[in-house]
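User: I would like to learn how to read the features of a protein model. Please take them one at a time.

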Amino acid sequence: MTTENTRSAKAERDLSSLRGLASGGVHLRGDEDYDRARTTWALAVDLRPAAVAFPLNAEEVTAVVRAAAAAGLRVAPLGTGHNAHPLGDLSDSVLMRMSGMTGITIDADARQARVEAGVVWSSVVEAAGAHGLAALHGSSPDAGVVGYLLGGGVSWYARSLGLATNSLTAVELVTADGSLVRVDAEHHPDLFWAVRGGGGANFGVVTAIEFTLYPIETAYAGMLVWDLRDAHQVLSRWAQWAADAPDAVTTSYRHLHFPPIPEIPEPFRGRQLVVIDGAVLGDDAEAERLLAPLRNLGPEMDTFARVPAASLIRMHMDPEQPVPGGGRSSLLDELPPAAVDRLVEVAGADSGNSLFLMAELRQLGGALGRPQPGAGATAMLDGRFQLIAGGMMIGELAKQTIADCERVVDAMAPYSRGREYLNFQEEPVDPSTGYDASAWERLIHSATRSTQVPSSRPTTKFPPADSGPPSADDGRTRGARSWNRAPPLTVTSIRLAH
């Protein structure tokens, strides 16, 4: 038998040991359901792992982690896969699909939620809303809760309440040696600090998390809509308004291109539009006063009104099914008139971009720009606006989409300080740009103090403490429970895509 055949036989024998360890199924290359199992929410991402496992509880996660390590494989845990793009080559990894772990517990009196790793936001919003409570969810109903929260989390209440990751109160995870560990402010506080914004999957396979809920039953929320030809006037007003708005306001500004297909509602079908949506935490009179400068521009549609907080999960109209999309992102410092001119030039009605390009600015600042007491590794976002450019990645259209997205982000680069929000990054970046200098140094030492093991799948690659600054080539740089509180923790530099 040749060396190559010997390796193949050994790999097959080792991989077969994974079968039966996950009640939701284990799928190896060549199995009938392998292609279905490896397909994520981000349809443009073509992942080809050594195996795909669907655990249904923490004990099964532990068994798969141990078996993967014994087989010389790494582990890549994944929720829904909304941002599966940075996972890269998984040929030496077990893709751990957490979608079968969907337990939700709401403690209304304590205003706390505990959710397992496969839970999506719409389920949490509905469960919390039944008790008159709200979570710091994002704009996508079917995005995974765990990946969103461990990477940061910008909600519709973010400028008032800060990054969602700092509402975490406990994280349960399986470390690389197969230990099930609970971390919080009193138990393994250094690890608890690191996972909140440092990416929990860099330190283990997260099986459940606990976080604070807020007594928000309603909000003054909705959208304002104009034709894209009005973009310059609307963006000029919004940029000035957003910079001075109080913390109670969190909004988003978008250029949207809707295809002429029946699935799109009539007011939007086949249109190119400017949309401002968001929420105001305050009474109706105050909200109407704050929104008056935008309403004075005469939008053709205005849905802002007092609404149940639970309705905000669908306000942004994010797709609720897998899509072949992708894009680019960056943090911006300011939006002076020259920046407004440039964005309209590269993403407006006459830009010549691909049909499905979307350009978005999310309003930051407020509590997002101030470190919170007891915060984790990502304590704040160092920017005033989040720029996102995205579109469809289908066949030859993908090349045009990427080119258009890069053109938009590159055009706005002069208005950025080079900082990044890693939750939105879909390509390799310098990971240190996601943290302030002291947090980055602390993350490096947190990783260096722990043992890197073969069961790891890097996402934010922390270099050795004495290795100097990272380069752009460092990669994405970005049941019953028995708790282990004693042994030192080991790093599993693992990517959890939300």
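Predicted model: local features only at pLDDT ≥ 70, side-chain atom pairs only at ≥ 80, totals over all residues.

User: Which residues of helix 10 and helix 11 make the contact?

Analyst: Helix 10 contributes Arg342, Leu343, Glu345, Val346 and Ala347, and helix 11 contributes Arg407, Val408 and Ala411. By type, the residues of this contact are five nonpolar, no polar and three charged. The axes of helix 10 and helix 11 come within 9 Å.

User: What describes two packed helices?

Analyst: Two numbers do it: the angle between the axes and the distance between the axes. Take helix 8 (residues 231-244) and helix 9 (residues 284-295), which pack at about 155 degrees with axes 9 Å apart. That angle makes helix 8 roughly antiparallel to helix 9.

User: Which residues of helix 8 and helix 9 meet?

Analyst: From helix 8 they are Arg237, Trp238 and Trp241, and from helix 9 they are Leu290, Leu291, Pro293 and Leu294. The residues of this contact divide into six nonpolar, no polar and one charged.

User: How should I read the faces of a helix?

Analyst: An α-helix has 3.6 residues a turn, so residues three or four places apart point the same way. In helix 9, the buried residues are Ala287, Leu290, Leu291 and Leu294. They fall within an arc of 85 degrees when seen down the axis, so they line one face of helix 9. Ala285 and Arg289 are exposed on the other side of helix 9.

User: What covers the buried residues of helix 9?

Analyst: The cover includes helix 8, strand 10 (218-227), strand 11 (249-257) and strand 12 (272-280).

User: Which residues of helix 4 are buried?

Analyst: In helix 4 (residues 121-129), these are Trp121, Ser122, Val124, Val125 and Ala128. Their arc around the axis is only 160 degrees, which puts them on the same side of helix 4. Among the elements that cover the buried residues of helix 4 are strand 5 (104-107), strand 6 (112-116), helix 5 (145-151) and strand 9 (205-212).

User: Now a single residue. Is Thr207 buried or exposed?

Analyst: A residue counts as buried under 20% relative accessible area. Thr207 has 3%, so Thr207 is buried. Thr207 is part of strand 9. Leaving out residues up to four places away in sequence, Thr207 touches Ala58, Val61, Met101, Glu116, Ala117, Glu172, Leu173, Val174 and Leu180.

User: Where is Pro246, and how accessible is Pro246?

Analyst: Pro246 sits in the loop between helix 8 and strand 11. Its relative accessibility is 34%, so Pro246 counts as partly exposed. With residues up to four places away in sequence left out, Pro246 touches Arg159 and Leu290.

User: What does the secondary structure of the protein chain come to, and what percentage of its residues count as buried?

Analyst: The chain has twelve helices and 17 strands. Of its 498 residues, 58% count as buried. The chain exposes about 19200 Å², and 51% of that is supplied by carbon and sulfur atoms.

Definitions and conventions
Residues numbered from 1 in each chain as written. Heavy atoms only, no water. Axes fitted to C-alpha atoms, helices over the stretch in contact; angles between N-to-C directions. Helix = DSSP H or I, 4+ residues; strand = E, 2+ residues; numbered from the N terminus. Contact = heavy atoms within 4.5 Å. Nonpolar A, V, L, I, M, F, W, Y, C, P; charged D, E, K, R; others polar. Buried < 20%, exposed > 50% of the residue type's maximum accessible area, 1.4 Å probe, protein only. Areas by Shrake-Rupley, 256 points an atom, 1.4 Å probe, with all protein chains shown as cover. Arc of directions from axis to C-beta. Parallel < 35°, antiparallel > 145°, perpendicular 65-115°, else oblique.
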